[in-house]
Amino acid sequence: PLVDWQCGAGQGPCRLSLPARIVNISQDKSVNEGDDVNFFCLAVGRPEPTVTWKDFKYGLMSEGEFLEITEIKRHQAEEFECITNNGVAPPDTRRVKVTVNYPPVITEVKNMPAQLGKTAILRCEAMAVPTASFEWYRDDRRPVESDNTLKIKNEKTRSLLLFTNVTEKHFGNYTCFASNRLGASNASMLLFRPGAVYGGVASLNGRLSGVGLWFCLSISVLMKV
């Protein structure tokens, strides 16, 4: 490290200067939404260095070795940078990352029209950390993936129900169920024939949580008028 001896006529005894250096910092953390989070960043140097925390997402600054976040929210999942400086050399910096876990929230549900003999898609999108697992239900039964007219395609944040050849049996209510270890959410949507009238579509976001996960799927009644 750079060493600077500050001494000379009229300056008194020589003083040893050492650049600011981070010697210990918190590890990356994974917490649940609503938890309190504490980070530390310890630095040494001569003269005594300052320590500042920087929030990359919003550009906020916090002075001191300790950074405290009360009841952390999902939008606060990001990297934080510790910066220490005493003017002897360029600042020393280190980063830590916090991951905020939360149960699934279904963000996209839409009833879809479909024509006999054509293709159709029902979409279910859910935000969650860890990533949600998806299941589809129809009249309390999971659609069979091996059906050559119906396929389920699961992606990172969404699940697609793909109809390759719509028949009469496909019209009706489908329920998407998204879950992770923190909880679950379900929502229902209709695949309908244009011109038909349907009632009683289930409400969105029947969230469940707790040990021994349970759920109740809301099933709509298909009504022709």
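Serine 188 is buried in this predicted model, because its relative accessible area is 3% and the limit for a buried residue is under 20%. The residue lies in strand β16, which spans residues 183-192, and its side chain makes a polar contact of 2.7 Å with the side chain of threonine 175. The points below take up the sheet to which β16 belongs and then the two disulfides that the structure holds.

**The sheet around β16**

- Strand β16 is one of four strands that form an open sheet, in which the order is β10-β16-β15-β12 and the pairing is mixed.
- The edges of this sheet are taken by β10 (112-113) and β12 (133-137), each of which has a single partner strand, so that one side of each is left without a neighbour in the sheet.
- Between β15 and β16 the pairing is antiparallel and extends over nine bridges.
- Within this part of the sheet, cysteine 176 stands opposite alanine 187, a residue of β16.

**The disulfide of cysteine 124 and cysteine 176**

- Cysteine 176 is joined by a disulfide to cysteine 124, with an S to S distance of 2.0 Å.
- The torsion about this S-S bond is -80 degrees, and the link between cysteine 124 and cysteine 176 is left-handed.
- This pair connects distant parts of the chain, since cysteine 124 belongs to strand β11 (residues 120-129) and cysteine 176 to strand β15 (residues 172-180), with the two cysteines 52 residues apart.
- Cysteine 124 has a relative accessible area of 0% and is therefore buried, and cysteine 176, at 0% relative accessibility, likewise counts as buried.

**The disulfide of cysteine 41 and cysteine 82**

- A disulfide also joins cysteine 41 to cysteine 82, and here the S to S distance is 1.9 Å.
- The torsion about the S-S bond of cysteine 41 and cysteine 82 is about -85 degrees, which means that this disulfide is left-handed.
- Distant parts of the chain are linked by this pair as well, with cysteine 41 placed in strand β4 (residues 37-46) and cysteine 82 in strand β8 (residues 78-85), at a separation of 41 residues.
- Cysteine 41 and cysteine 82 are both buried.

Note on methods: Residues numbered from 1 in each chain as written. Predicted model: local features only at pLDDT ≥ 70, side-chain atom pairs only at ≥ 80, totals over all residues. Heavy atoms only, no water. Disulfide = S-S within 2.5 Å. Buried < 20%, exposed > 50% of the residue type's maximum accessible area, 1.4 Å probe, protein only. Polar contact = N/O pair within 3.5 Å; in protein donor to acceptor, adjacent residues only side chain to side chain. Pairing = 2+ DSSP bridges.
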